[in-house]
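The tour below goes from one selection to the next.

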Amino acid sequence: MYYWRLSGFYFFYFATLGALIPYWSLYLKELGFGATRIGELVAIIMATKIVAPNVWGWIADHTGRRMYMVRLASLLATLSFAGVFFAYGYWELALVTALFSFFWNAALPQFEATTLNHLGADTHRYSVVRLWGSIGFIVAVAGLGFVLDRTGTGLLPKVLIVLFAGIWLSSLLVPEHDYGHRHGENEPLRRVLTRPAVVSLLLVCFLIQASHGPYYAFYSIFLADNGYSDAAIGQLWALGVIAEIGVFLRMHRWLPKFGSRFLLLLATVLTAVRWLLIPLFVNQLWMLIIAQTLHAASFGVYHAVSIHLVHQLFRGRHQGRGQALYSSLSFGAGGAVGSLVAGYLWDGVGAEWMYFAAALTAAMAGVVTWRGIR
């Protein structure tokens with residue numbers, strides 16, 4: 001098993017996410033954009049996940065060349081992002097964002113399928129590999145917080161293009177994996193998609209990620225408006241991911257012990273609690289710290305369980321499209337809708353109600369889990 005090669009890709013991919021998600025909205029604000037425009041530009045990044053993973057997943061499943069597609073997507077993402085250095089207006093930035101995120105979002109689902117195939121019978125150990133993505137996120141988000149406090153957010157695009165190049169270079173080190181013929185490989189995909197458990201899981205993933213919309217698009221701005229520095233904001237983001245790493249280190253034991261359904265239900269409940277704590281106690285740092293530790297549930301437990309279930313439900317040649325559907329419907333459609341609605345709610349009724357709506361959405365995911373996943 002190519003542990004360090006697989007881990008290296010996750011490190012750079014999520015280091016890029018750690019630089020982009022917490023600070024991109026601050027960069028856009030410095031360029032002069034308001035909440036609605038910021039919400040729309042962040043939503044574009046999420047929206048390309050609806051289309052890109054499915055297109056590239058279909059090609060990868062039919063050619064069997066997953067890593068070739070990952071390498072190509074990573075290279076094109078790097079080249080496309082370079083357009084940021086020449087785009088400052090809304091429509092120019094929207095075009096560049098759509099281009100680089102289309103390629104960037106295509107790479108991860110196919111790499112997830114490759115990782116799980118390399119793990120073979122030890123798929124429950126996925127989280128031990130994936131935790132290096134969390135470490136990369138922490139390095140980027142914590143380090144950049146201190147740097148941007150001193151330099152301003154204008155440095156951010158230069159950091160990001162270096163990280164995009166790191167994704168591409170690390171992808172060159174991971175070999176293809178011949179997944180061969182597996183049970184259920186010839187079952188039509190449409191039949192898989194009509195199973196109640198599959199429908200319920202994908203709906204839960206959509207709702208959970210939609211509830212994250214205010215967090216990914218506006219958490220940094222919300223904290224900055226309440227007097228927190230860039231360094232403090234970066235440390236709070238990093239704290240959440242440290243909690244996530246703790247989950248990944250234990251998940252290979254928790255999944256066999258507690259089962260997927262219980263863990264997913266617990267994640268939805270704690271996610272709703274987290275979104276309530278942020279607006280109610282934004283001026284109390286110790287409560288924000290508690291809210292950030294709940295990232296262990298709202299992302300760590302949720303993601304590890306979801307990846308495990310998707311790998312079980314989509315077999316054989318459907319693996320690539322299964323991971324693509326998970327990514328596109330959750331991080332894509334869910335993230336886009338959540339970010340877009342968050343921007344409108346911020347301008348319309350205020351930041352507090354934006355987070356209350358997120359808590360309600362997470363609670364709805366809990367109801368679907370309770371009734372639909374057995």
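**Stop one: a pair within one helix**

Select R37 and E40, which are 3 residues apart in helix α2 (residues 35–63) and so separated by about one helical turn. Helices here are DSSP runs of H or I with at least four residues, and they are numbered from the N terminus. The side chains of R37 and E40 meet in a salt bridge, with N to O at 3.2 Å. A salt bridge means a side-chain nitrogen of Lys or Arg within 4 Å of a carboxyl oxygen of Asp or Glu. Side chains of opposite charge can pair when their charged atoms come close.

R37 is partly exposed, at 36% relative accessible area, while E40 is buried, at 16%. Buried means under 20% relative accessible area, exposed over 50%, and partly exposed in between (1.4 Å probe, protein chains only).

Before moving on, note that this is a predicted model: local features need pLDDT of at least 70, side-chain atom pairs count only at pLDDT 80 or more, and totals for chains, interfaces and linings use all residues. Residues are numbered from 1 along each chain as its sequence is written, and side-chain values use heavy atoms, leaving out hydrogens and water.

**Stop two: pairs across the chain**

How many salt bridges does a search of the whole structure find? The search finds 3.

Next, select K29 and D225, whose closest N and O atoms are 3.1 Å apart in a salt bridge. K29 lies in helix α1 (residues 3–30) and D225 in helix α9 (residues 213–225), so the pair ties together parts that are 196 residues apart in sequence. Both are partly exposed: K29 has a relative accessible area of 38%, and D225 is at 47%.

Now select R130 and E244, which form a salt bridge at 3.7 Å, N to O. R130 is in helix α5 (residues 126–151) and E244 in helix α10 (residues 230–258), 114 residues apart. Are these two buried or exposed? R130 is buried, at 1%, and E244 is buried too, at 3%.

**Stop three: two helices side by side**

Finally, select α1 and helix α6 (residues 156–171), whose axes come within 9 Å and cross at roughly 160°. Axes are lines fitted to C-alpha atoms, for helices over the stretch in contact, and angles run from 0 to 180 degrees between N-to-C directions. The two helices are therefore roughly antiparallel, a term for angles over 145 degrees.

Contact (heavy atoms within 4.5 Å) involves residues including F12 and W24 of α1 and L160 and F164 of α6.

Terms used:
Parallel < 35°, antiparallel > 145°, perpendicular 65-115°, else oblique.
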